[in-house]
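Colleague: I would like to learn how to read a few features of a model like this one. Could we go through them one at a time?

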Amino acid sequence: GPGNLLLDAWCAKHTGNSFDDRGSWGATGQVCQNLLDQFMAHPFIGQAAPKSTGREMFNLAWLETQLSDYSLKAKDIQATLVSFTAQSLAGAINGLNESVDEVYICGGGVFNDQLMAQLQIALGPITLNSTEKLGLDPTWVEACAFGWLARQHMNNQPGNLPSVTGASREAVLGALYLP
């Protein structure tokens with residue numbers, strides 16, 4: 001889903017910072033429930049797992065079209081985006097057809113105190129931790145993903161799941177260039 005994409009893009013546009021440090025700016029705003037409901041009505045949010053998306057669906061241009069009927073302070077939009085991110089993640093987790101006792105978060109969102117607090121509330125009794133608790137620095141998510149993709153390539157195994165990505169077929173991704 002949207003992850004930190006919208007949070008970071010909106011923050012960069014309005015503060016000049018590439019991310020909302022500890023979620024402190026978003027914490028100063030008020031959630032606009034009507035806008036949050038509009039965000040949550042996006043078809044991707046209600047789609048069953050497995051699913052994946054990113055900048056191709058949730059980006060600053062998309063966000064700005066969503067805001068056309070609103071006249072809100074930038075910090076209120078940031079606060080609403082925090083709630084949207086937390087609720088969409090929790091909804092996807094709670095919508096799984098299996099019991100979930102623990103969730104581990106990696107990436108930049110783990111450092112956004114507001115996001116983590118709202119996500120914990122939305123998850124209820126599910127334990128929420130950083131991947132650091134597993135011995136995996138949360139900032140290593142992309143390096144680990146590329147390491148796994150390299151492994152898949154070297155073993156001539158697909159690096160995608162069409163049922164998740166929407167690709168037309170499984171594919172061995174990338175290229176290997178020896179020194």
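Modeller: Let us begin with the strands: strand 1 (residues 102-105) and strand 2 (residues 127-130) run parallel and are joined by four bridges, where two strands pair if DSSP finds at least two bridges between them, and strands (E, at least two residues) and helices (H or I, at least four) are DSSP runs numbered from the N terminus. This is a predicted model, in which local features need pLDDT of at least 70 and side-chain atom pairs count only at pLDDT 80 or more, while totals for chains, interfaces and linings use all residues. Residues are numbered from 1 along each chain as its sequence is written, and side-chain values use heavy atoms, with hydrogens and water left out.

Colleague: Which residue of strand 2 is the bridge partner of Val103?

Modeller: The bridge partner of Val103 in strand 2 is Leu128. Val103 also belongs, with Ile105, to the covered face of strand 1, whereas Glu102 and Tyr104 form the uncovered one.

Colleague: Is Gln78 buried or exposed?

Modeller: Buried means under 20% relative accessible area, exposed over 50%, and partly exposed in between (1.4 Å probe, protein chains only). Gln78, which is found in helix 5, has 0% relative accessibility and therefore counts as buried.

Colleague: Which residues does Gln78 touch, not counting those up to four places away in sequence?

Modeller: Contact means heavy atoms within 4.5 Å, and on that basis Gln78 touches Leu7, Trp10, Cys11, Asp20, Trp25 and Gly26, leaving aside residues up to four places away in sequence.
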